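Welcome, and please open your viewer. We will go from stop to stop, and at each one you will hear what to select and what is there.

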Amino acid sequence: MSSLCSFRLTKDVDGRTLDVLIVFLASDELRAEELSTLVDRQVQDALAPDETILLTRRTAFADCVVAIGEDAAFEGVRNRLGRATITVISFGAGGRENSRKVIRDTGEISGISIEEIGRRCVSSMFAIHGGFVEANSNYHFLNPSQRHTDRFIRLSNLLSSSAEISLLAMTMLPLVPPSAEVAHVDTPAMFALISAVNDNLRVLAPKRPWLRCENFRSYLGVRAHDFATGGEPVVLISASSSGSLAEVIATRRVPRDRIGHVLYLGEEDERVRRAVDLSYDQNRNPEGVRNDRETYEDGNCKLCAAGSIPVPLKGDQFDMGGPDFEPLTMLKTDAPPGLSATMDRIAGTDAFRISTTKGAGAKQFLVDAGSLAAAETFIKRTAYLARRHIPSMTREVVLLDEGSRAFGDLVAREAGIAPRFVARSEVDDLDTSDETQDGMRLDGLPVVIVAAVVESGRSLRDVSRDLRRSRSSSPLIYLIGCAKNASPARREELEKTVVQTHAAAKHAFASVEDIILPASGPPHAWLAEADFLNRAVAEGLELGETLAARLERLGRSSEPLVDELFLPAGENPLRIQPGFVFWPSKTSQPPRQSSQADVYYTISSVLQALRTNKPNPEGRALRTNWFQQTRLDPANLGRFNDGVIQASILRAARPVEIDYSTKDDFAREAGRAICRIMDAAHRPRGEAACEALVALGSGRLRVPREELERILAERETFPPLVSELAAICRHLLL
Ligand SMILES: [Zn+2]
């Protein structure tokens with residue numbers, strides 16, 4: 001640990017710019033070797049300065065003057081500094097200059113004051129360590145003072161070396177009245193500074209009381225905190241740009257001369273006492289913060305208007321608390337555009353399925369190409385696109401994968417062409433010199449690339465790259481049966497990439513169906529369910545007939561799930577009732593038989609759209625990051641009281657989106673909502689009871705223990721399967 005820190009400043013004196021090396025000594029002992037290393041590095045990096053100033057405590061001053069001036073051990077330092085002026089300055093308990101001595105005068109003397117040294121060195125620290133936490137285009141900050149801003153000062157960013165902390169503490173000394181006994185601070189980072197203030201005072205004013213430190217937690221605690229008892233107070237605020245917290249403290253009957261700021265970046269105001277004014281000043285603080293940023297009133301914020309989300313700073317003023325939990329209720333308008341129409345066409349075709357395969361390449365969302373290609377509306381739309389985009393002179397159709405053959409046939413038939421089908425693996429063998437049987441050069445004729453189902457789009461990018469070699473002059477037409485996209489932006493990006501060409505017109509790209517869905521890989525709710533049941537077996541519990549069959553079914557991964565997605569509480573499988581808000585009314589009405597997977601895909605799509613929404617002023621988005629965690633409002637389970645929808649929500653949500661484990665109002669509301677389902681487990685209203693228990697048992701849905709106890713309590717009305725699952729959950733969770 002070094003007791004020295006150094007800064008390089010320039011100072012204009014009589015029209016000449018002097019290069020000044022500031023060395024701060026944070027102890028009373030100056031070690032020749034340490035100083036020598038520091039000076040070596042400085043001279044190496046930036047040549048010898050015009051003046052070197054050693055800044056010490058009053059108590060170390062005399063020894064330092066003698067050592068540097070005469071001690072043989074410092075001979076090397078004197079030599080390395082060449083012709084530089086060497087000055088020693090000391091400070092006292094009040095943080096003011098105590099004495100100053102020029103040890104070696106070469107005529108280059110800056111005369112820089114101790115106040116200026118403190119201000120400029122701390123401003124340098126601020127610039128070097130990055131004192132701001134800055135927003136990006138997605139979010140900005142809502143100050144505890146209820147103002148919106150795109151950056152805020154975090155004192156703790158500056159605290160990296162003990163010597164620098166000691167220098168910062170020196171600048172705070174003028175703010176500490178000699179009688180002060182308790183330092184009331186706004187944030188935990190201040191504890192380090194108060195401790196450094198004590199270190200300085202211990203030698204500079206040994207009779208003064210040691211400052212004790214109390215954290216009032218900024219705006220959170222300022223109105224309730226006791227500033228009076230415990231001893232004479234001094235209130236030290238880590239950073240401010242307005243002095244508004246100090247105003248509140250002044251109303252708590254703390255005298256103004258006992259309130260101070262460590263870092264201040266705001267308008268000049270004589271009532272604001274501060275250790276360091278960070279603002280830029282061409283002469284007095286060229287290291288300062290140059291660009292002013294505006295802050296905005298809550299409700300009249302330009303950043304909010306531009307679609308950025310305000311992240312509230314809670315707890316200690318400039319230390320961010322945990323993520324802010326916001327509840328979200330799904331609304332009809334949250335559905336991605338076109339979802340309702342897509343579901344109207346696809347629901348009931350059995351194209352949407354859930355796969356329970358594990359391992360690399362496993363896909364939860366398995367769209368069955370054969371079922372799609374057999375569906376009437378799908379055929380009609382494909383026919384239209386085929387005629388719209390595929391020229392009659394097309395001779396080659398590339399099949400993206402084996403599953404695309406039926407779709408390829410459909411496309412060729414509807415376009416009225418009889419092409420040669422090229423398997424994906426054969427694309428590498430194509431050559432620019434390839435010809436048709438009647439001797440026409442194929443490079444230059446249109447090539448159609450068909451894919452029944454596309455997920456990431458990478459496979460399309462790959463084939464487009466490979467075709468560039470052998471069919472560089474050909475117009476390419478991409479025709480996709482069903483494009484699964486993680487967001488509308490991804491869809492756009494994919495299209496943009498593959499249609500690019502140097503030719504006169506862009507390549508064509510069209511998809512029959514588009515649906516927004518999350519990435520398909522594990523983990524997902526069905527694998528979690530299997531883990532849950534396996535854990536019960538491993539714990540020595542014997543599964544009843546139904547659950548044993550269920551576990552076996554989940555393991556039979558070669559057969560995707562269509563209508564066995566959910567465990568029913570009673571005899572009948574869960575079925576959607578007419579009037580599902582995300583579908584046109586006729587879709588869910590008999591005689592059309594939509595599947596459970598259709599409902600699950602719909603809910604998954606709505607949630608994914610909410611996850612990938614661009615920031616919007618209404619804040620309608622599911623976000624899970626360090627700043628924000630949006631949870632699904634437990635009220636969703638009440639609003640969507642259809643068992644199959646409730647089950648879909650519980651399975652489609654990410655665990656973090658239905659984590660109600662923090663004891664708060666949402667936990668109680670979640671507990672109540674699930675209890676209502678359990679109470680009605682023998683009725684249609686409670687048909688999702690098994691699903692709720694699976695969600696809890698697999699750890700995807702979380703509530704506090706007391707809620708869990710209420711939910712899992714045995715009820716006489718429980719159907720046998722609900723009773724069994726509740727018992728397993730009690731065994732594993734309580
Ligand atoms: Zn704002």
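**First stop: a loop arginine**

Start by selecting Arg-715, in the loop between α23 (705-712) and α24 (720-733). Keep in mind as you look around that this is a predicted model.

Is Arg-715 buried or exposed? Its relative accessible area is 15%, and because the cut-off for buried is under 20%, Arg-715 counts as buried. Now show what surrounds this side chain. Leaving aside residues up to four places away in sequence, Arg-715 touches Cys-675, Met-678, Asp-679 and Arg-710.

Next, select residues 596-612, which form helix α18, and residues 643-652, which form helix α20. The two pack at an angle of about 50°, and their axes are 9 Å apart. α18 and α20 are therefore oblique to each other, and their crossing is right-handed.

Which residues meet here? On the α18 side, show Gln-596, Val-599, Tyr-600, Ile-603, Ser-604, Leu-607 and Arg-611. Their partners in α20 are Val-644, Ile-645, Ser-648, Ile-649, Arg-651 and Ala-652. Colour this contact by residue type and you will find eight nonpolar, three polar and two charged residues.

Now go to Glu-232, in the loop between α7 (218-221) and β12 (233-240). Glu-232 is partly exposed, with a relative accessible area of 37%. Not counting residues up to four places away in sequence, Glu-232 touches Ser-179, Ala-180, Glu-181, Val-182 and Arg-258. Zoom in on Arg-258: its side chain makes a polar contact with the side chain of Glu-232, at 3.3 Å.

Before moving on, try the distance tool from Glu-232 to Val-537. The two are 305 residues apart in sequence and 65 Å apart in space, C-alpha to C-alpha.

**Last stop: two backbone angles**

Most residues other than glycine have a negative phi. With that in mind, select Arg-217, in the loop between β11 (212-215) and α7. What is the phi of Arg-217? It is positive, at about 60°, although Arg-217 is not a glycine. This arginine is partly exposed, with a relative accessible area of 38%.

Finish at Asp-14, in the loop between β1 (4-13) and β2 (16-25). Asp-14 also is a residue other than glycine with a positive phi, near 50°. With a relative accessible area of 77%, Asp-14 is exposed.

Note on methods:
Residues numbered from 1 in each chain as written. Predicted model: local features only at pLDDT ≥ 70, side-chain atom pairs only at ≥ 80, totals over all residues. Heavy atoms only, no water. Axes fitted to C-alpha atoms, helices over the stretch in contact; angles between N-to-C directions. Helix = DSSP H or I, 4+ residues; strand = E, 2+ residues; numbered from the N terminus. Parallel < 35°, antiparallel > 145°, perpendicular 65-115°, else oblique. Left-handed = near helix turned anticlockwise from the far one by under 90°. Contact = heavy atoms within 4.5 Å. Nonpolar A, V, L, I, M, F, W, Y, C, P; charged D, E, K, R; others polar. Buried < 20%, exposed > 50% of the residue type's maximum accessible area, 1.4 Å probe, protein only. Polar contact = N/O pair within 3.5 Å; in protein donor to acceptor, adjacent residues only side chain to side chain.
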